[in-house]
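Please examine the sequence and the 3D structure shown below.

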Amino acid sequence: MGRRQRRREKRGGEAAAVETTAYTDPEGNVLMLRNSVSVGTVQKIRDLDSTPASSAEDRWQRRTELLFERFAVGWEIAGLPLETQNELLGRYRMASGDERRWIRDTIDAHVREHQPELAP
C-alpha cells in the first residue's frame, strides 16, 4: 500500500473525482485525459526545458512521456480498459509510431485548450 493510499484512508475517503475529457482515435480506442494538473506538475514539466545536459530530442521525448503520464487517466483499447499508471505507461511505451503520433497530437491539442501555460 502506498503513502497516498494510506493518507486517503486516514482522511476517510477517496480523492476527489477528476474532470476528464475522452478522445476517440480512428480505430475506436478511447483515451481519457484529465483536464488539469497541479502547479507542481506544471513546474516539473517546465523544468525539463532547462535541463542543460540532455539533447533537444531527449527533452522532447521525456516531455511527451511526462505529459502522457500526468494527463492520461484511462485508455480503452479494443474494449480492454487500462487504468493504472503502470498499465497506461507500459502500453504507451509499446505503442506504434502512428499511435504515438495520435496521442502526441491529442495531448498537445488538449493542453492548449485546458492548460495553455504548458502548450508547446
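The sections below treat the basis of the model, the sheet and the helices.

## Basis of the description

This is a predicted model, in which local features need pLDDT of at least 70 and side-chain atom pairs count only at pLDDT 80 or more, while totals for chains, interfaces and linings use all residues. Residues are numbered from 1 along each chain as its sequence is written, and side-chain values use heavy atoms, with hydrogens and water left out.

Helices (H or I, at least four residues) and strands (E, at least two) are DSSP runs, numbered from the N terminus.

## The sheet

The 4 strands form an open sheet in the order β1-β2-β3-β4, with antiparallel pairing; two strands pair if DSSP finds at least two bridges between them. Strands β1 (20-24) and β4 stand at the edges with a single partner strand each, so one side of each has no neighbour in the sheet. From one strand to the next, the twist averages 15 degrees.

Between β1 and β2 (residues 30-34) there are 5 bridges, and threonine 20 has arginine 34 in β2 as its bridge partner. Strands β2 and β3 are paired over 4 bridges, with valine 30 opposite glutamate 76 in β3. Glutamate 76 also stands opposite proline 81 in β4, and β3 and β4 are joined by 3 bridges. The hairpin of β3 and β4 has 2 residues between the strands, and alanine 78 takes a positive phi near 50 degrees there.

Which residues of helix α4 (residues 85-93) are buried? They are Leu88, Leu89, Arg91 and Tyr92, where buried means under 20% relative accessible area, with a 1.4 Å probe and protein chains only. These residues lie on the same side of α4, because they cover an arc of only 165 degrees around the axis; the arc is that of the directions from the helix axis to the C-beta atoms.

The buried residues of α4 pack against α3 (56-71), β3 (72-77), β4 (80-82) and α5 (97-114), contact meaning heavy atoms within 4.5 Å. Helix α4 lies across β3 and β4 and runs at about 60 degrees to β3. Axes are lines fitted to C-alpha atoms, for helices over the stretch in contact, and angles run from 0 to 180 degrees between N-to-C directions.

## The pair α3 and α4

Helices α3 and α4 pack at about 145 degrees, and their axes are 10 Å apart. In this pair, Thr64, Glu65, Phe68 and Glu69 of α3 meet Gln85, Leu88, Leu89, Tyr92 and Arg93 of α4.

Notes. Buried means under 20% relative accessible area, exposed over 50%, partly exposed in between (1.4 Å probe, protein chains only).
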